[in-house]
Amino acid sequence: NLELVFFLVGCFECCIKCLGGIPYASLIATILLYAGVALFCGCGHEALSGTVNILQTYFEMTRAAGDVIDVFTMIDIFKYVIYGVAAAFFVYGILLMVEGFFTTGAIKDLYGDFKITTCGRCVSAWFIMLTYIFMLAWLGVTAFTSLPVYMYFNLWTICRNATVVDGANLCLDLRQYGIVTIGEEKKVCTSSESFIKMCDSNELNMTFHLFIVALAGAGAAVIAMVHYLMVLSANWAYVKDACRMQKYEDIKSKEEQELHDIHSTRSKERLNAYT
């Protein structure tokens, strides 16, 4: 029974030590980043696919032949960008978590396995600069994602007004959004059958809400980047102060050793003179 008690106490102390070394602030920021990126990439991809179906079905648009860059080609490019963003920020979140673990270990155990070095401070400063750039990039992504939300909101408003106001002839022209060139006329009006089918379909409502969720995911990624900036700045300041403290302790230890050596030398000289 006594051995079991010692075993449980040892396991408890080990668990407390492991939990104490977890960078909780970086962990929260990583979870928020992954959630935001997952929402943006997943919902954004499905919303783009729904947009393609809406353009082909209700606006009667077709893909351009050859190497002409049209709206469908741009949507395919955006999809590949989404794949790259998902992979890149998955790796970046892991790197920031690793940096948080090493920084936490360096702060809590100055003379243990982790040593505070100039290289470590440079790595922390580099992560701060990189995270700041990514935060600005996500701000741009958030602003760009708000554009399709605005477009679909206008379309949803037209559908709602068409059902409320009888005899209203409202039209949505894709040329005003830059989706097609000025020479092409791709528009639907409330009097057309395709417009009525589009408003009654579940695809329009689903695509609209998917873009809203993607916008929310981009906003969550921005918040995660701001959280990371605060965590990295605090870690860098802690590491800098800990490095100064470490240098002070080294100098103090060296001076005490020198004083001890001087005292020992004088004691030996006095002993030799007495002898």
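**Exercise 1. Confidence**

Task: State what average pLDDT this predicted model has, and which elements have the lowest and the highest mean.

Solution. Next, go to the elements. Helix H1, residues 2-20, has the lowest mean pLDDT, 59, while helix H2, residues 24-57, has the highest, 90. Then look at residues 110-114, where the pLDDT is below 50. This stretch still has eleven contacts in the model beyond near neighbours in sequence. Where pLDDT is low, the predicted coordinates should not be read in detail.

**Exercise 2. Fold and contacts**

Solution. First count the elements: the protein has six helices and two strands. Finally, burial: of the 275 residues, 34% are buried, that is, under 20% relative accessible area.

**Exercise 3. The largest pocket**

Task: Describe the volume of the largest pocket and its lining by element and by class.

Solution. The volume is about 930 Å³. The lining consists of 35 residues; Leu-48, Phe-78, Phe-144, Pro-148 and Phe-211 lie nearest the pocket centre. By element, H2, H3 (71-108), H4 (118-164) and H6 (202-274) each supply at least two lining residues, and H4 gives the most, twelve. By class, the lining has 30 nonpolar, four polar and one charged residues.

Technical notes
Residues are numbered from 1 along each chain as its sequence is written. This is a predicted model: local features need pLDDT of at least 70, side-chain atom pairs count only at pLDDT 80 or more; totals for chains, interfaces and linings use all residues. Side-chain values use heavy atoms; hydrogens and water are left out. pLDDT is the predictor's confidence in each residue, from 0 to 100. Helices (H or I, at least four residues) and strands (E, at least two) are DSSP runs, numbered from the N terminus. Contact means heavy atoms within 4.5 Å. On a 1 Å grid over the protein atoms alone, a cavity is a set of points where a 1.4 Å probe fits but cannot get out, and a pocket is an open set with protein on both sides within 12 Å along at least five of seven lines; lining residues have an atom within 4 Å of a point. Grid points are joined across faces, edges and corners, and a volume is the space filled by probe spheres set on the points. Ala, Val, Leu, Ile, Met, Phe, Trp, Tyr, Cys and Pro count as nonpolar, Asp, Glu, Lys and Arg as charged, and the others, Gly among them, as polar. Buried means under 20% relative accessible area, exposed over 50%, partly exposed in between (1.4 Å probe, protein chains only).
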